[in-house]
Amino acid sequence: MSFSNPTRRGLIKTGAVASAGLALPTYLRADGHAGFTNAPQGSTVTLGFNVPQSGPYADEGADELRAYELAVEHLNGGGDGGLMNTFSSDALKGNGILGKKVEYVTGDTQTKSDAARASAKSMIEKDGAVMVTGGSSSGVAVAVQALCQEAGVIFMAGLTHSNDTTGKDKRANGFRHFFNSYMSGAALAPVLAANYGTDRKAYHLTADYNWGYTTEEAVRSSTEAMGWETVAAVKTPLTQTDFSAYIAPVLQSGADVLVLNHYGGNMVNSLTNAVQFGLRDKLVNDKNFEIVVPLYSRLMAKGAGANVKGIFGSTNWHWSLQDEGSKAFVKSFGTKYGFPPSQAAHTCYVQALLYADAVERAGSFNPCAVVEALEDFEFDGMGNGKTLYRGADHQCFKDVLVVKGKENPTSEFDLLEIVEVTPVEQVTYDPDHPQMAGGSLGSCNPGA
Amino acid sequence: MFGLNKKDTGILLVVAFLALAAPFILNPFPEGSAMAQFNAGYPDLMQRLVIFGIFAIGFNILFGLTGYLSFGHAAFLGVGSYAAIWMMKLLTMNVVPAIIVSVLFAGLFSLLVGWISLRRSGIYFSILTLAFAQMSYALAYSVLTPITGGETGLQPKYDDPRILDGTLEAGQSPRANLFGLEMNDGFELAMGNWVFTFNAGYYIAAVVMLIAFYLSIRIFRSPFGMMLRAVKSNQQRMNYTGLNTKPYTLAAFVISGMYAGLAGGLLVAMDTQVGAERMFWTASGEVVLMTILGGAGTLIGPVLGAGFIKYMENIVSKINKSVLEQWFAFMPDGIEDVMIALVYPFVGKGWHLTLGLLFMLVVIFLPGGLVEGGQRIAKMFRGKKASDDTTDASKTPAE
């Protein structure tokens with residue numbers, strides 16, 4: 001066939017081939033639109049586990065990933081079922097989610113919001129993840145949460161403690177099970193008052209970034225309400241490893257309590273410095289000098305070693321809890337990995353199960369249906385007692401643990417002892433509390 | 001064509017073809033196959049490939065031509081990003097003003113940094129730029145939190161003023177657009193088992209990259225570019241002849257800073273979020289790696305290097321244990337475990353290790369970067385062809 005001299009037969013042939021070529025794509029793509037982003041096709045559903053595998057929180061990230069793998073195993077009917085046996089909702093059958101086998105993809109957030117978003121985007125755009133979960137810092141959680149809102153998938157936050165995640169940066173597609181700075185302050189203050197008295201002068205050292213700010217504010221306002229006085233609040237650079245220069249002025253200030261609003265390696269270093277300076281042996285204003293760490297984790301306690309003995313802090317969950325849920329989780333995690341889970345592992349495992357359960361109850365993977373199922377959902381048996389997923393800001397409300405460094409640890413995991421389980425009423429706040437002000441959930445976004 | 005000689009036109013056309021056909025080229029494996037893991041043809045990665053290509057092209061104008069090794073280029077990328085996001089918050093979600101302003105701000109900032117740093121050369125220059133970049137990072141991360149959002153970074157919100165756009169309903173997420181065309185618009189083309197994604201944002205970024213690439217060719221071939229090369233080969237001799245090289249090096253520094261700002265602005269246009277880590281020194285180091293890996297001083301090298309590193313970061317880092325188990329499932333149990341244990345340290349979170357090894361191999365065996373590798377292969381073919389007495393030059397690939 002020649003283009004300069006078309007024949008009737010040639011024209012028909014070319015036309016038929018061309019139209020078949022044009023029709024092919026549309027034909028093959030016809031099943032791809034179920035009304036929301038990444039509707040699961042076939043017999044599997046893909047979840048995205050976006051955790052820090054490198055960088056300062058790599059330890060937490062590794063533990064989170066273990067928890068997710070365990071959760072997937074349990075959802076697919078493997079293992080001993082873990083928390084699915086104690087969970088108050090019995091929608092989960094151990095046959096995947098809505099009968100679809102759970103598969104997962106993993107990514108490295110590097111604890112950088114850019115890298116975390118890139119990794120989450122590849123999960124959504126390439127791997128077809130219908131839900132993204134994980135994260136070990138609030139900056140990353142806020143960044144990925146906003147991305148999931150735009151893309152139209154659900155985000156189940158991992159370890160993020162800043163008020164902002166469900167405060168000024170809350171999003172309709174994002175949910176947080178972990179507690180926050182406000183709750184830490186509200187839970188700690190009464191315990192501190194009972195142990196150290198109401199006439200104390202506090203000195204804050206605060207990590208110079210958002211989480212530090214919200215934690216300082218929360219602890220400050222709760223302790224000041226008890227009658228404490230805040231002498232000074234000094235910001236320390238996040239990259240600081242030697243805090244001696246910041247500890248020295250503490251004694252001259254006349255303060256008798258040091259509050260370390262630090263997390264991870266920062267806290268390990270500042271606490272070690274403070275103890276080495278002999279702060280805890282000092283008598284100021286006729287009172288023993290005390291140190292407080294608002295957010296504790298077992299991994300941090302391990303890093304600080306003997307220095308944590310007798311120091312108060314708060315935590316979301318601890319493996320030594322004796323309720324049925326906690327025992328079941330510690331057992332199945334311990335059986336699989338040989339050591340007890342951290343609080344990061346717990347919150348991530350629970351988030352994965354809560355998502356799966358919400359999908360089962362909603363009967364659909366559609367993010368809007370899932371949001372509806374999770375909002376104002378009350379549950380029990382997940383290790384924190386009765387818990388409410390509040391619809392107004394997508395924050396879980398549950399008991400908060402006040403813990404103390406154990407005087408005589410029996411193993412390398414037995415570093416913290418529970419001082420008090422602060423009841424949920426005491427840590428509940430209004431959705432428009434000044435510390436959470438600004439921002440709006442908006443409406444759920446199902447994407448495509 | 002466009003004032004380029006035949007060889008440069010060839011290179012430009014090759015890059016243009018690669019950029020425009022990227023959705024096909026990067027998705028060579030059918031959906032659902034075991035090799036689909038290595039597909040890179042999804043919008044986010046394609047956008048990153050070309051944007052970091054722009055960043056590396058700009059860096060190469062400074063490093064490749066003048067030999068001044070800046071360890072602080074991420075600062076300009078970051079400044080551009082912050083400028084762009086503020087335009088989106090204050091003016092409009094249209095990407096055009098955001099990108100223009102990001103280039104301007106990065107240019108101004110690089111003028112300041114260059115003015116001071118270029119008083120020294122060699123290692124002292126590198127240290128000065130590194131210091132500036134780390135300073136910018138620290139400022140953005142904590143001191144300037146009200147402007148930069150600190151650790152959390154900045155995102156456009158529904159309640160930003162945005163003078164030119166109408167107000168959004170509470171809780172709606174604003175989307176970046178080009179006169180109404182949203183960056184994540186696009187369509188999928190399915191052919192048999194292959195799915196190719198065409199994305200508006202990617203093609204906008206690709207066109208900008210082609211313009212940036214064209215400009216860099218013009219700079220390379222201009223008398224100005226020749227002057228910069230002279231600075232690289234012997235600056236002292238230039239000074240002895242009575243020529244003041246500072247204006248030339250400063251101009252090169254500002255131009256490459258503006259390229260970085262352009263890349264920063266585009267990053268925001270494609271993904272409306274800025275975090276301070278973008279300015280961290282490792283990000284500055286990354287662009288140095290990209291340029292050296294691809295081939296410093298060559299035209300196409302930096303683009304290849306940027307593509308290579310971003311591909312590693314996004315694809316290899318996502319291979320986890322369960323993926324390996326699928327790959328080696330056909331082997332007997334014992335051997336499977338051994339294979340997984342052998343491969344696992346190099347994938348997933350170990351992707352840095354793989355990248356480091358490849359970088360070492362390239363630096364040791366191909367000092368001219370990937371481009372030198374390409375040239376050697378081309379030479380091999382040419383040598384063979386010559387012995388076969390074929391003289392058809394049109395069939396041999398351009399360098």
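What is the order of the strands in the open sheet of five strands in chain A? In this predicted model, the order is β2-β1-β3-β4-β5, with parallel pairing; helices (H or I, at least four residues) and strands (E, at least two) are DSSP runs numbered from the N terminus, and two strands pair if DSSP finds at least two bridges between them. Because β2 (101-108) and β5 (174-176) of chain A sit at the edges with a single partner strand each, one side of each is left without a neighbour in the sheet. Neighbouring strands are turned by 20° against each other on average, direction ignored.

A few housekeeping points: residues are numbered from 1 along each chain as its sequence is written, while chains are lettered from A and ligands numbered from 1 in the order in which they are written. Since the model is predicted, local features need pLDDT of at least 70 and side-chain atom pairs count only at pLDDT 80 or more, whereas totals for chains, interfaces and linings use all residues.

Back in the sheet, β1 (44-51) of chain A runs parallel to β2(A), joined by eight bridges; A:Val45, for one, has A:Val102 as its bridge partner in β2(A). Helix α3 (113-125) of chain A lies across β1, β2 and β3 (131-134) of chain A, at about 150° to β2(A). Helix α11 (343-362) of chain A also packs on the sheet, touching β3 and β4 (154-157) of chain A, and makes about 160° with β3(A). Axes here are lines fitted to C-alpha atoms, for helices over the stretch in contact, and angles run from 0 to 180 degrees between N-to-C directions.

From α8(B), B:Gly201, B:Ala205, B:Val208 and B:Ala212 meet B:Tyr259, B:Leu262, B:Leu266 and B:Met270 of α10(B).

As for the complex, 33 residues of chain B are in contact with 38 residues of chain A, contact being C-beta atoms, placed from the backbone, within 7 Å. The predictor gives an ipTM of 0.84 and a pTM of 0.86. Chain B averages a pLDDT (the predictor's confidence in each residue, from 0 to 100) of 87, with 95% of the residues scoring at least 70. Over residues 388-399 of chain B, though, the pLDDT is below 50. Where pLDDT is low, the predicted coordinates should not be read in detail.

How values were computed. Two residues are in contact if their C-beta atoms, placed from the backbone, lie within 7 Å.
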